[in-house]
Amino acid sequence: PRDVFRIDLADGAVTIKTLNVTNNTFSNAGASGKAMFYVRAMVESFNVSSNLFLNQVSKFSRSRTSGAIAPVLSNNFYYNVGEDWFSGDISQEEALANGGAVLETDPVSNAANADFTVTDASVKAAGAGDARWL
């Protein structure tokens, strides 16, 4: 795919009031060299919180238009993200600043067979990811 979340509008053409990406489990979403978030539209409030990102080879975010805000990140967990994940316009420090964590061990039962049941105590305690897998 080109980018997972792409909002590409001409500067000032449309302002999006709120963009919330909350309580999702993403596994193998995106492609190398692309991004999870590519938002070049004007967004007044952009929040990415309580998500679980697994097995990612894309970048987290890339190329915002001048004036477009970066997402506010909180309580997101990352496992097996590629070297490029934090090389876009969101640093690892920013991604982890509000309760986020890079996990050393697989936090789900069996992602390869689409069993995303959360087995990691810290992810469960935080209530991160899609609720049906908690």
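This is a predicted model: local features need pLDDT of at least 70, side-chain atom pairs count only at pLDDT 80 or more; totals for chains, interfaces and linings use all residues.
**Figure 1. Overall make-up of the protein.** Two helices and twelve strands are present (DSSP runs numbered from the N terminus, H or I of at least four residues for helices and E of at least two for strands). From the N terminus on, the order of elements is β-β-β-β-β-β-β-β-β-α-β-β-β-α. Among contacts with a separation of 6 or more, 72% join residues 24 or more positions apart (contact: heavy atoms within 4.5 Å). The accessible surface is about 6,600 Å², and carbon and sulfur atoms hold 46% of that area (Shrake-Rupley method, 1.4 Å probe).

**Figure 2. The largest nonpolar core.** This core has 21 residues, and Phe37, Val48, Phe53, Phe60, Tyr78 and Trp85 touch the most other members (a nonpolar core is a set of buried Ala, Val, Leu, Ile, Met, Phe, Trp, Tyr and Cys residues joined through side-chain atoms within 4.5 Å). Strands E2 (15-22), E4 (35-39), E5 (42-49) and E9 (77-81) each give two or more residues to this core. Apart from this core lies another, of eleven residues, including Val108, Phe116, Val118 and Val123.

**Figure 3. Surroundings of Val48.** Beyond its neighbours within four places in sequence, Val48 is in contact with Val21, Phe37, Phe53, Phe60, Pro71, Val72, Leu73, Ser74 and Asn76.

**Figure 4. Asp120, buried without a salt bridge.** Asp120 is found in the loop between strand E12 (115-118) and helix H2 (121-126). The nearest side chain of opposite charge, Lys124, is 9.2 Å away (Lys and Arg count as positive, Asp and Glu as negative, with His and chain ends not counted; a salt bridge needs a side-chain nitrogen of Lys or Arg within 4 Å of a carboxyl oxygen of Asp or Glu). The side chains of Asp120 and Ser122 make a polar contact at 2.4 Å (N or O atoms within 3.5 Å, one able to donate a hydrogen and the other to accept it; residues adjacent in sequence count only if both atoms are side-chain atoms). Outside four places in sequence, Asp120 is in contact with Leu103 and Pro107.

**Figure 5. Asn28 and Asn80, non-glycine residues with positive phi.** Asn28, in the loop between strand E3 (25-27) and E4, has a phi of about 55°. At 56% relative accessibility, Asn28 counts as exposed. Asn80 lies in strand E9 and has a phi of about 55°. At 47% relative accessibility, Asn80 counts as partly exposed.

Residues are numbered from 1 along each chain as its sequence is written, and side-chain values use heavy atoms, without hydrogens and water. Local features need pLDDT of at least 70 and side-chain atom pairs 80 or more, whereas totals for chains, interfaces and linings use all residues.

Methods
Buried means under 20% relative accessible area, exposed over 50%, partly exposed in between (1.4 Å probe, protein chains only).
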